[in-house]
Protein chains: 2
Amino acid sequence: MALIVQKFGGTSVGTIERIKNVAARVKRTREAGHQVVVVVSAMAGETNRLVKLAYELDPEPVSREYDVLLASGEQVSTALVALALNRMGVPSRSLLAHQIDFRTDATYGRARIESIGANQLAACLARGETPVVAGFQGIDPEGNITTLGRGGSDTTGVALAAALHADVCEIYTDVDGIYTTDPNVVKGARKIPRISYDEMLELASLGAKVLQTRSVEFGMKYRVPIHVRSSFDESEGSWVVPEDETMEQVVVRAVTYDRNDARISILRVPDQPGVAAKIFSVLAAHEISVDMIIQNSSQEREHTDVTFTVPKSNVLEAERLMNPLAKELGAEQVTTDTEISKVSVVGVGMRSHSGVAAKMFAALSEAGVNIEMIATSEIKISVVIDEAYTELAVRVLHQVFGLHGEG
Amino acid sequence: MALIVQKFGGTSVGTIERIKNVAARVKRTREAGHQVVVVVSAMAGETNRLVKLAYELDPEPVSREYDVLLASGEQVSTALVALALNRMGVPSRSLLAHQIDFRTDATYGRARIESIGANQLAACLARGETPVVAGFQGIDPEGNITTLGRGGSDTTGVALAAALHADVCEIYTDVDGIYTTDPNVVKGARKIPRISYDEMLELASLGAKVLQTRSVEFGMKYRVPIHVRSSFDESEGSWVVPEDETMEQVVVRAVTYDRNDARISILRVPDQPGVAAKIFSVLAAHEISVDMIIQNSSQEREHTDVTFTVPKSNVLEAERLMNPLAKELGAEQVTTDTEISKVSVVGVGMRSHSGVAAKMFAALSEAGVNIEMIATSEIKISVVIDEAYTELAVRVLHQVFGLHGEG
């Protein structure tokens, strides 16, 4: 008998029919002799509907109330799944964040988990019931409702699995696993059977949307195996697990891309100490997150160009902040480019294999793709290129690193 | 400075525009120097949407989960009203049942209030904030979510007013007060400026939908003045208040009708002790509420006819229960009639004025309306008549008891 956390995303509970399917799956798992804790997101479309209502009232809604509003979506789906389970003869009860003392800090909209009242859930399981827990929501130290940010139900699932020492956290979604790259771009993309937490973390932060980054961090920290699989069939999905030796045999695990960034350059800044600090402290003060940063000194060594990327949604604000600063610093010009994309290769095998970067850059060059920026970590290499070449670059890299499947 | 509870029904918060109007009204009340506690229902249509979802899953939904589901509707409207208030510069926070320790018993679907954590609300008011409380919902002694039944937000409002010793509970709705009868039926219907709790209780239980019966009971018990008024204009509505001497000067305060009952007759039951007990204990065991009961002995004194009314929605079930019982009791036949209505006149003045019943029956007789059943209390007389004569009877009684207005 295993203890399994099954987390179902918005599309998996998007209609009454699908909710019945979810309940049927939970029932089968119970009948196979396992204990199940269910975690659900809001029904697909529901969160967007609520967001729209809030923004009609206030373009900058008060974050405390915004969280109360959004958390209602999970209350609905949680109750419906519990109804469906009871209907099928599986004793079940919905549990909201405050009912299991799911404590977070008070950062509305992206609260961080502090502790979970596992006793309540354990008692529920001991009574033979199947708890259905509302994902995404928490309560702060004063009992206010908080939310964990978009995709936060993944984190709820993995955190519960950690707190209950569950054997696995199954993440049911509308895709059947994690792929070597986007199957919409590359026909030969293959499902990855096993991937390490480190690799998954890189993929998640590089634009792969299948798991929320923080859920992977939780899984890694508490060693919870995460099984990403489809809610529409029974096929084995992808396991996110601790790294093992066999994993290093593959140099590149996956190729990913992200079109959501824009580039800003501040050209010919007089090269003085503290220039970069000034620029990035202004951006930080306005909560604009900066991804890649490059600073090139110009030939005469008196001026420098500072280039960085920010989310496209922040580019106008960032430009507005940089213009007066550039003037103040004596820089020549601020330029922006929103037609860029970031293409990355990820793999723990890079740690033991050299020449990955060289191979990557050569392949792109041969395909006529110009590299505008480069960033690397121990297990990933990212390049910024002209957005128009995104698909080409992804296909070329997928091929050259041997990820293509038979099909 | 007064402390005012303002309760807004589903139509009053049915759209974003209307929510803004609600917030504007609360703001005006604050600016007039008063403290306000807001109570809201779910947005119009939302509860029905949720009910439909539940019944698609299960025609007999588990009541615990059903309440969790329905309570989400008030969570949404509460958050939206708090957002709107903050947007208008009125510091405000939404409060759900568990956040103010709004305790009820564990009777899901129609829970009874046990206690309210008024400290939390008082602290909120002391900070200068305007609390927006979710109506309709409570928590039971184990922290499960309960609901107070349809229209339960009225009761939330009045109960909060009682707990906080508020000066008044204002009930904002889509009509501008309580009328001498249904203005859709009688053009000359007039708004009643002041009505006693007793009268309002009778009206509410006789089919007038403007206030939930239990909210009036609460108002009466704790002497909370209730002001029923329109959320769409500023006009004075109707006050529900303790009875005073001037009230008795009007014999009949209002005429009301109810088409929701059906009549069941068990004919020629051998007249033995315990017959009625058997019949009504079966109905009670199936939670079918019986309103009026008449038992006539037949001429020969050996048989009796038992006639009673039940809600139309229960008539098939009641008939199904009565058929075998009638056989067992040796009765001749069970008949049902769903085409009936109950027309009532209500007024505390009846206590001191005789001849009201005679006047009522004579007026109906003159109009050719046949009376099928009669029930009376100290301050009301109800008759069951053929449904087709409902409007006629209401108009005749409204006229004969001098309720017609000038218009």
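**Helix 2 of chain B**

I started with helix 2 of chain B, residues 46–57, and checked its length. At 1.5 Å a residue, its 12 residues should span 16 Å, and the end C-alpha atoms are 17 Å apart, which agrees. The expected span here is 1.5 Å times one less than the number of residues. Helices are DSSP runs of H or I with at least four residues, strands are runs of E with at least two, and both are numbered from the N terminus.

Some bookkeeping before I go on: this is a predicted model, where local features need pLDDT of at least 70, side-chain atom pairs count only at pLDDT 80 or more, and totals for chains, interfaces and linings use all residues. Residues are numbered from 1 along each chain as its sequence is written, while chains are lettered from A and ligands numbered from 1 in the order in which they are written.

Which residues of helix 2 of chain B are buried? I found T47(B), L50(B), L53(B), A54(B) and L57(B). On the face turned away from the buried side sit the exposed N48(B), R49(B) and K52(B).

I then looked up what covers the buried residues of helix 2 of chain B: the cover includes helix 1 (16–31) and helix 3 (63–87) of chain A, together with helix 3 (63–87) of chain B.

**Where the chains meet**

The contact takes 29 residues from chain B and 29 from chain A; two residues are in contact if their C-beta atoms, placed from the backbone, lie within 7 Å. On the chain B side, helix 1 (16–31), helix 2, helix 3 and strand 3 (92–95) each give two or more residues. Helix 3 of chain B has the largest share, 14 residues.

Next I laid chain B on chain A: a turn of 180° and a shift of 0.0 Å along the axis do it, with an RMSD of 0.1 Å. That is the relation of a two-fold axis. The superposition is by least squares on the C-alpha atoms of residues with pLDDT of at least 70 in both copies. The same surface serves both copies, as 100% of the contact residues of chain B recur in chain A. Within chain B, S72(B) comes closest to the rotation axis, its C-alpha at 2.8 Å.

**Chain A as a whole**

I count 11 helices and 20 strands in chain A. Of its 407 residues, 48% count as buried. The C-alpha trace spans about 75 × 50 × 30 Å along its principal axes.

I340(A) lies in strand 18 (residues 340–346). I noted it as buried, with 20 other C-beta atoms within 10 Å.

R223(A) sits in the loop between helix 7 (213–222) and strand 11 (226–230). Its phi is near 60°, a positive value in a residue other than glycine. R223(A) counts as exposed, with 11 C-beta neighbours inside 10 Å.

R268(A), in strand 14 (residues 261–270), also has a positive phi, near 55°. With 15 C-beta neighbours inside 10 Å, R268(A) counts as partly exposed.

Conventions
Buried ≥ 20, exposed ≤ 12 C-beta atoms within 10 Å, placed from the backbone.
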